[in-house]
Each structure stands twice: as structure tokens, then as C-alpha cells.
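Thanks for coming. I have one structure to show today, and I will keep it short.

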Amino acid sequence: MNKNNIGFYMVTFSEQELAKVKEIISHYPEGKQKSALLPVLHLAQDTFGGWLSTDTMDYVAGLLSIEPIEVYEVATFYSMYNLKPMGKYVFEVCQTGPCMIQGSDNIIAYIGSKLGIRPGETTSDGMFSLKTVECLGACGYAPMMQLGKHYREHLTPEKVDAIIAECRNNAAAQN
């Protein structure tokens with residue numbers, strides 16, 4: 001386990017979050033706490049800054065009594081988990097066949113040129129990150145992306161411009 005030199009994890013859930021972990025685990029048969037890994041990783045990502053550090057994944061492994069490698073395998077497989085800090089707004093653009101046929105590669109390039117980043121990067125102001133992801137299950141609305149919990153569909157450069165402006169306006173309103 002990845003612990004600091006005083007024997008404690010570098011990250012820890014609050015009592016309320018630990019209660020949530022116990023509640024999540026309770027949904028699975030005894031001895032099958034590993035099945036709670038996906039929702040516990042979501043909780044950890046939401047709690048610890050929107051991404052999963054090695055310390056965070058080690059902590060989750062300890063909570064679920066599984067090996068850290070089992071957590072790493074899951075966290076690196078699914079695009080919904082971030083393994084590095086991300087921007088306030090993460091543009092997750094689908095890059096599978098149906099979206100590509102409808103021009104998602106052009107949308108990815110457009111977003112990249114508009115924001116000055118490539119897939120996997122974050123703008124210098126920490127506002128935007130661009131990710132390419134596998135199928136988001138909305139092929140009829142291609143090209144599309146996920147932004148937070150919402151899908152943005154039938155993307156065009158004009159729609160991307162409007163989305164970027166909306167995000168900037170929302171960020172300014174929150175300050």
C-alpha cells in the first residue's frame with residue numbers, strides 16, 4: 001500500500017463519505033466488495049479534485065480489501081476516470097465509427113485549434129480539457145461529446161463556439 005511515513009493514507013474520506021462507501025458496499029453480496037469499485041472510484045474522483053492519483057487509487061484498494069493493481073486496471077480502462085488533473089470543463093468527444101463518419105475528427109481538430117490544445121491536454125488557464133473517448137452510445141446524434149453529465153449532439157464549429165462561450169460565461173458568473 002502507498003502510505004506516507006506516518007502510516008496514514010495521503011487522502012482520506014470524511015466520515016460522511018466513508019458512510020457512503022459502506023452504503024455502496026452494502027448493495028453487493030458479502031465478500032464481493034470488489035463489485036463496488038466503480039461507484040467508489042466515482043466518489044473518490046468527485047471528492048479528491050476530479051481525478052484519481054495513485055494515492056487515491058491505493059486508498060480505494062485498501063477500503064475494498066483488494067490489490068492496488070485491480071484498481072489501476074479499472075481506472076485506466078474506463079475513460080470516465082481521470083488519471084491527471086483536468087480542466088473545469090472536460091470536452092469528451094466520441095471518436096468511434098459513427099461519429100467519425102459524421103465528422104468527429106473535424107470537431108476534435110476544431111476544438112483543439114480553438115482552445116490551443118490537443119486531446120489529453122488542458123488549457124493553461126485550467127478552464128478546458130479535451131479528451132477523445134470511445135462510444136458514448138448516442139450514435140444517432142453524431143458527432144457528439146459529453147460535457148459533464150450532459151451530451152452535446154450534432155456538433156458543428158458554430159455549436160462548439162457556443163458551448164465554449166457558454167462555459168466561459170458560466171465560469172465568469174461563478175466568480
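Predicted model: local features only at pLDDT ≥ 70, side-chain atom pairs only at ≥ 80, totals over all residues.

Strands to begin with. β1 covers residues 89-94 and pairs with β2 in the parallel sense, over six bridges. Within that pairing, V90 stands opposite S129 of β2. As for β2 itself, residues 128-133, five of its six residues are buried, so the strand is largely enclosed by the rest of the structure.

Now the rings. How many aromatic pairs does a search of the whole structure find? The search finds six. One of them is F13 with F48: the ring centres are 5.3 Å apart and the planes are at 20°, so this pair is stacked. F13 sits in the segment before α1, and F48 in the loop between α2 and α3, so the pair ties together parts that are 35 residues apart in sequence. Both F13 and F48 are buried. Another pair is Y78 with Y81, with centres 6.5 Å apart and planes at 80°, so that one is edge-to-face. Is Y81 buried or exposed? Y81 has a relative accessibility of 4%, so it counts as buried. Y78, at 32%, counts as partly exposed.

M80 is in the loop between α4 and β1, and with a relative accessible area of 34% M80 is partly exposed.

That is what I have.

Key
Residues numbered from 1 in each chain as written. Heavy atoms only, no water. Buried < 20%, exposed > 50% of the residue type's maximum accessible area, 1.4 Å probe, protein only. Helix = DSSP H or I, 4+ residues; strand = E, 2+ residues; numbered from the N terminus. Pairing = 2+ DSSP bridges. Phe/Tyr/Trp six-rings, centres within 6.5 Å; stacked < 30°, edge-to-face > 60°.
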